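Have a look around it first, then read on.

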Amino acid sequence: MDAIISTLAKIPGALPGAVAQGLIWGIMAIGLYFTYRILEVSDLTVDGSFATGGAVCIVLMLNGFNPWLALLMAFIAGLLCGLVTGLLHTAFGIPAILAGILTQLALYSINLKIIGKSNQSINVDKYDLLVSLRWVKELALKNPLITVAIITVAIIAIFYWFFGTEMGCSIRATGANLAMSRAQGINTNMNKVLGIMVANALVATSGALLSQYQGFADVNMGRGAIVIGLASIIIGEAVFGKIFRNFALQLLSVSFGAVIYYVVVQVVITIGLDANLLKLLSAAVVAVFLAIPHLKSKYFAKPVKVTEDEEEVTENA
Amino acid sequence: MLDICKVHKSFNVGTVNEKKVLRGLNLHLKEGDFVTVIGGNGAGKSTMLNMVAGVYPVDSGKITIGGNDVTKLPEYKRAKFIGRVFQDPMTGTAATMQIEENLALAARRGKSRGLKIGITKAEREHYRELLKTLDLGLEDRLTSKVGLLSGGQRQALTLLMATMNNPQLLLLDEHTAALDPKTALKVLTLSAKIVEENNLTTLMITHNMNDAIKYGNRLIMMNNGRIIFDVSGEEKKKLTTADLLEKFKISAGEELANDRVLLS
């Protein structure tokens with residue numbers, strides 16, 4: 001009994017860190033929302049571009065770059081990652097999933113080259129980090145929770161504005177109906193490339209923030225990122241889908257989804273789950289949630305009553 | 001207005017399934033022509049429309065719209081000249097977007113899309129007026145998702161989107177075939193009204209011979225990738241379905257044995 005209480009007593013202390021991690025991954029999940037939900041493209045580049053963002057940011061900071069500038073460069077690196085996948089998909093006709101896998105694999109080598117080894121740490125005392133887990137429990141402006149929350153809100157605000165513009169609407173149309181979009185004069189290929197670029201830019205930004213937060217960049221830090229991103233989107237929709245109708249709130253729910261994911265992960269680890277099983281658990285959760293709509297429609301669909309009107313039509317036809 | 005010149009198109013070239021769909025097709029449309037197109041399955045009607053719209057490239061030949069050579073233009077660039085309504089009501093509109101958003105997308109066809117706001121207040125009022133002309137009650141549902149509409153409503157909306165900025169050419173690809181007879185008649189009547197009011201140059205494919213005779217000022221019959229019968233003006237008005245079947249027999253040397261054509 002005492003053991004259980006002492007275990008549970010550890011949970012509150014671990015929460016700020018889990019929330020900070022969740023918020024940072026939430027930025028990545030918002031990027032994924034862009035491709036997965038709006039463009040309806042499954043982009044696996046993210047596993048690579050997440051680490052690219054971290055690598056670029058840390059290496060540039062070690063070389064004396066201003067942290068904000070390093071973050072911007074990570075953003076641009078993400079744009080380039082997306083450009084490669086986008087062109088492989090549109091200009092060369094490779095299915096989106098495969099194009100993403102190819103870029104992701106290539107990025108593993110590139111990330112190794114950027115860092116020069118598999119892992120590079122950065123000292124919080126010597127460098128002016130934007131976010132660090134050292135301050136996560138402090139009531140101060142440099143608390144990473146505040147910085148990341150501000151960045152998240154800014155990104156959501158920009159997205160909200162952008163998807164209301166002519167260009168933003170045309171990107172949404174591209175995801176909704178390709179044939180219709182082209183018939184309405186929309187350059188669907190360009191929109192796909194643009195969308196995949198921006199999404200990966202956000203993913204790389206998220207990776208850059210995470211590597212600052214944890215104090216190192218690692219070539220493997222993006223492994224399974226797509227699953228975490230999908231989990232965040234799905235959790236967000238499951239928990240807030242009914243109440244958050246507005247587009248900005250839907251994006252916020254993705255961020256909240258990531259926070260919930262990391263809080264849950266933190267709790268199960270604190271309770272004593274083998275951390276090695278974490279990815280298995282994540283994959284299982286995402287698989288179940290993705291399967292539910294399909295199974296529901298297949299086995300639990302309510303029979304539709306045939307109305308008199310429809311019967312009449314059938315007779316006429 | 002529209003010139004299709006010696007257009008050839010084959011599919012699955014080099015395989016056992018090779019099919020020559022268009023064999024040196026020639027067609028010239030004058031401004032304001034409303035042409036109905038009939039023909040059996042596989043005659044090349046839809047392929048002709050898709051060639052004009054740029055869905056896939058021609059093997060050889062030339063297509064001009066209003067004097068502009070569009071043969072090499074991608075589909076999205078040709079959209080500047082063309083309004084289209086498809087056979088499947090799901091194809092012409094974006095289900096997950098609002099009615100007014102769909103209209104705003106169509107309003108910007110052929111224009112550059114920048115970072116200006118997607119729908120202005122003035123536009124919204126304009127759309128409300130446009131939707132009133134459909135007489136489907138859609139003017140009160142501007143922000144409803146299009147996915148909530150019926151097939152007929154979606155087809156009417158697509159028609160509005162296709163014609164709202166007076167395209168040089170309107171392509172209707174069996175756009176009432178998937179609708180029930182009552183709705184089909186309504187959409188068809190509406191199409192004819194819009195075409196007439198705006199004097200739109202139109203190509204309409206139909207499987208219904210009565211409709212082909214009733215609407216438009218010119219009728220063409222296709223078989224095996226060519227036009228085998230072309231009639232307009234007074235002569236067209238006097239046509240009967242029996243005439244058409246007879247014409248087909250003479251020109252094609254076979255019966256127009258197609259259930260959909262015969263039954264409709």
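## Strands side by side in chain B

Let's start with a term: two strands pair if DSSP finds at least two bridges between them. Keep in mind, too, that this is a predicted model.

In chain B, six strands make up an open sheet with mixed pairing, in the order 6-7-8-3-9-10. At the edges you'll find strand 6 (82-85) and strand 10 (226-232), each with a single partner strand, so one side of each has no neighbour in the sheet. On average, and ignoring direction, neighbouring strands here are turned by 20° against each other.

## Strand 3 of chain B

Now pick out strand 3 (residues 34-39) of chain B. Five bridges tie it to strand 9 (residues 218-223) of chain B, and the two run parallel.

Is strand 3 of chain B mostly covered or mostly open? Mostly covered: six of its six residues are buried. That goes for both faces, with B:Phe34, B:Thr36 and B:Ile38 buried on one side and B:Val35, B:Val37 and B:Gly39 buried on the other. Helix 9 (residues 241-252) of chain B lies across strand 3, strand 9 and strand 10 of chain B, at about 45° to strand 9 of chain B.

## A helix tucked away

Next up is helix 3 (residues 99-107) of chain B. Nine of its nine residues are buried, so this helix is largely enclosed by the rest of the structure. Among those buried residues are B:Glu100, B:Glu101 and B:Asn102, along with B:Leu103 and B:Leu105.

## Two helix pairs in chain A

Over in chain A, helix 1 (2-38) packs against helix 8 (residues 188-214) at an angle of about 165°, with the axes 6 Å apart. Angles over 145 degrees count as roughly antiparallel, and therefore helix 1 and helix 8 of chain A are roughly antiparallel to each other. Their crossing is left-handed. Residues of helix 1 of chain A in this contact include A:Trp25, A:Met28 and A:Phe34, and those of helix 8 of chain A include A:Leu202, A:Leu209 and A:Tyr213. By class, this contact of helix 1 with helix 8 of chain A has 15 nonpolar, six polar and no charged residues.

The other pair is helix 2 (residues 46-62) and helix 4 (residues 96-115) of chain A, whose axes come within 9 Å and cross at roughly 15°. Helix 2 and helix 4 of chain A are therefore roughly parallel to each other, and their crossing is left-handed. Among the residues that meet are A:Asp47, A:Ala51 and A:Val59 in helix 2 of chain A, and A:Leu107 and A:Ile114 in helix 4 of chain A. Here the classes come to seven nonpolar, five polar and one charged.

## A buried loop residue

One last stop: A:Thr45, in the loop between helix 1 and helix 2 of chain A. Its relative accessibility is 0%, so A:Thr45 counts as buried. Leaving aside residues up to four places away in sequence, A:Thr45 touches A:Cys81, A:Thr85, A:Gly100, A:Thr103, A:Gln104, A:Leu107 and A:Asn200.

Technical notes
Residues are numbered from 1 along each chain as its sequence is written. Chains are lettered from A and ligands numbered from 1 in the order in which they are written. This is a predicted model: local features need pLDDT of at least 70, side-chain atom pairs count only at pLDDT 80 or more; totals for chains, interfaces and linings use all residues. Side-chain values use heavy atoms; hydrogens and water are left out. Buried means under 20% relative accessible area, exposed over 50%, partly exposed in between (1.4 Å probe, protein chains only). Helices (H or I, at least four residues) and strands (E, at least two) are DSSP runs, numbered from the N terminus. Axes are lines fitted to C-alpha atoms, for helices over the stretch in contact, and angles run from 0 to 180 degrees between N-to-C directions. Angles under 35 degrees count as roughly parallel, over 145 as roughly antiparallel, 65 to 115 as roughly perpendicular and the rest as oblique. A crossing is left-handed if the near helix is turned anticlockwise from the far one by less than a right angle, and right-handed if clockwise. Contact means heavy atoms within 4.5 Å. Ala, Val, Leu, Ile, Met, Phe, Trp, Tyr, Cys and Pro count as nonpolar, Asp, Glu, Lys and Arg as charged, and the others, Gly among them, as polar.
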